[in-house]
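Dear colleague,

Please find below the structure I promised to pass on. My notes on it follow directly after.

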Amino acid sequence: MPRTIRNQFEKKISYENLMKAHNLSKRGKGYRKEIILFNLKQEEYIRWLYEQLKNGTYTHGGYRIFYIQYPKKRKIEASRYIDRIVHRWVVDNFLIPYYVPSFINTTYACIKGKRNASS
């Protein structure tokens with residue numbers, strides 16, 4: 001039976017949680033132009049994002065498309081940085097606490113605290 005999450009959005013939406021998502025999203029990518037520009041006015045952007053989410057007016061901004069050549073040619077579609085902050089906020093505040101505990105014990109892929117038994 002599917003699990004429903006009710007009345008949690010208002011509890012989880014906060015400036016601090018969005019700032020935490022920003023800090024996790026930029027980890028290892030601080031040299032990128034998009035992130036450097038975001039950091040110049042990060043308080044304003046996070047405040048704006050908070051208001052958009054709180055009012056229900058936030059919309060995903062679409063994707064930037066580019067190609068990589070190595071090891072083979074691939075099309076990459078990357079979302080804007082501010083959208084990646086929202087993705088991180090959703091994963092950390094809703095998906096991990098509510099859905100990961102319902103996974104079977106042998107689920108290991110990319111889940112913190114899980115180690116492959118054969119390692």
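Tyr63 lies in strand 1, which covers residues 63-68; strands (E, at least two residues) and helices (H or I, at least four) are DSSP runs, numbered from the N terminus. This is a predicted model, in which local features need pLDDT of at least 70 and side-chain atom pairs count only at pLDDT 80 or more, while totals for chains, interfaces and linings use all residues. Residues are numbered from 1 along each chain as its sequence is written, and side-chain values use heavy atoms, with hydrogens and water left out.

Strand 1 runs antiparallel to strand 2 (residues 74-79), and six bridges join the two; strands are taken to pair if DSSP finds at least two bridges between them. Five residues separate the strands in the hairpin that they form. Within this pairing, Tyr63 is opposite Ser79 of strand 2.

The structure contains five salt bridges, each defined as a side-chain nitrogen of Lys or Arg within 4 Å of a carboxyl oxygen of Asp or Glu. One of them links Glu77 and Lys75, whose closest N and O atoms are 3.6 Å apart. Glu77 is partly exposed at 45% relative accessibility, and Lys75 is partly exposed at 47%; here buried means under 20% relative accessible area, exposed over 50%, and partly exposed in between (1.4 Å probe, protein chains only).

A further salt bridge joins Asp83 and Arg80 at 3.2 Å, N to O. Asp83 is buried, with a relative accessible area of 0%, whereas Arg80 is partly exposed at 36%.

Arg88 and Asp92 also meet in a salt bridge, at 2.9 Å from N to O. Both are in helix 5 (residues 81-99), and because they are four residues apart, about one helical turn separates them.

Finally, Gln42 is in helix 4 (residues 42-55) and is buried, at 16% relative accessible area. Beyond its neighbours within four places in sequence, Gln42 contacts Met19, His22 and Lys26, contact meaning heavy atoms within 4.5 Å.

With kind regards
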